[in-house]
Amino acid sequence: MGALQIVGVHGIKQGSDATTAGLSASWQATIDETLAAAPASGAEVGAVVTVPSYQAVFPQTPTRYVRLGGPGAGLLSDDRPIDEEEEDFILRALAAYAPSAVEEESPEAGLTLGEGPLTPRIVRRIQAVDRKMGKGVTGRLLWFVREAHTYLHKEETAVLVRAAVAEALTETGARMVVAHSLGSVVVYDMLSRGEAPYVTMLVTCGSPLGWLAGRKGIHSEGERLTVPVGVEWTNMYASKDFVTGCVGLSHLAAGVTDIEVNNGAFPPSHDVHRYLDKPALAEVIAKAGIA
């Protein structure tokens, strides 16, 4: 029996040198170690991992430090202007993390923006959510929220991302996909569009699909998430990974198997390698390898 072919779909901010070769080698090394440490059934399965890089198609987003309030307060942002539609998306996404924070927003907060493109409404929400989730957490999440918006609302970008993943699936013949973070949104979108017809095993990890705002554009609000018949879906989430909302997807998705893992504190809890090194993933790979 040949090695199991796996296509990995990465999330955002992989680094400027994140080529397909570099990402594939990095994921391969971690998964090899995971399988070697697993029980015999996992160790007997060989896996070849291909992670197509799509980072080059996203707009460049240089790091900036935006001060909010007193010394030492701040968050990461970027220079791209925010229009009304994106502002609404950001507000809804942040509210999904801490709904009760919205009621406690201070109307006086955010009147002085400092540097960067953030609007007063966004600043107020950031400060309110930080009071619930911890100082600085929301600033780190803002990177993710803006990149998710780019994929969901910039069709020319989304087409190129999906094409990179589809090419890898075709070239490798992989039936198994492991998708991290924004990558889980990409693969869910492809499955919904019928663009990954031969995939039978899906593993999502660190997935933001539970956000109502994050599903806008790929899913009808109010309906359950679903994948095509014949696709076995496992979702791994860490209880302290704020990108997932710290919860799984089974309350929103039909047929998904949630697996909670311990990845430590945020932001390391969202790191892809902290998901890839879990025995639960080795079990899924072993199952796919003998199917």
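The model is a predicted one, in which local features need pLDDT of at least 70, side-chain atom pairs count only at pLDDT 80 or more, and totals for chains, interfaces and linings use all residues. Residues are numbered from 1 along each chain as its sequence is written, and side-chain values use heavy atoms, leaving out hydrogens and water.

Let us start with the sheet. Six strands form an open sheet in the order β2-β1-β5-β6-β7-β8, with parallel pairing. Because β2 (47-50) and β8 (256-261) stand at the edges with a single partner strand each, one side of each has no neighbour in the sheet. From one strand to the next, the twist averages 20°. Strands (E, at least two residues) and helices (H or I, at least four) are DSSP runs numbered from the N terminus, and two strands pair if DSSP finds at least two bridges between them.

Now look at β5, residues 176-180. Five of its five residues are buried, meaning under 20% relative accessible area with a 1.4 Å probe and protein chains only; exposed is over 50%, and partly exposed lies in between. In a regular strand, side chains alternate between the two faces of the sheet. Here M176, V178 and H180 point one way, while V177 and A179 point the other way. On one side, β5 pairs with β1 (residues 4-9) over four bridges, and V7 has V177 as its bridge partner. β5 also pairs with β6 (residues 201-205) over five bridges, where V178 is partnered by V203. Between β5 and β6 the chain passes through helix α8 (residues 182-193) in a right-handed β-α-β crossover: with the strands pointing away from the viewer, the path from the first strand over the helix to the second runs clockwise.

D277 sits in the loop between α9 (272-276) and α10 (279-290) and counts as partly exposed because its relative accessibility is 40%. Leaving aside residues up to four places away in sequence, D277 touches T30 and T34. R125, in helix α5 (residues 120-133), counts as buried because its relative accessibility is 13%.

Note on methods. Contact = heavy atoms within 4.5 Å. Axes fitted to C-alpha atoms, helices over the stretch in contact; angles between N-to-C directions.
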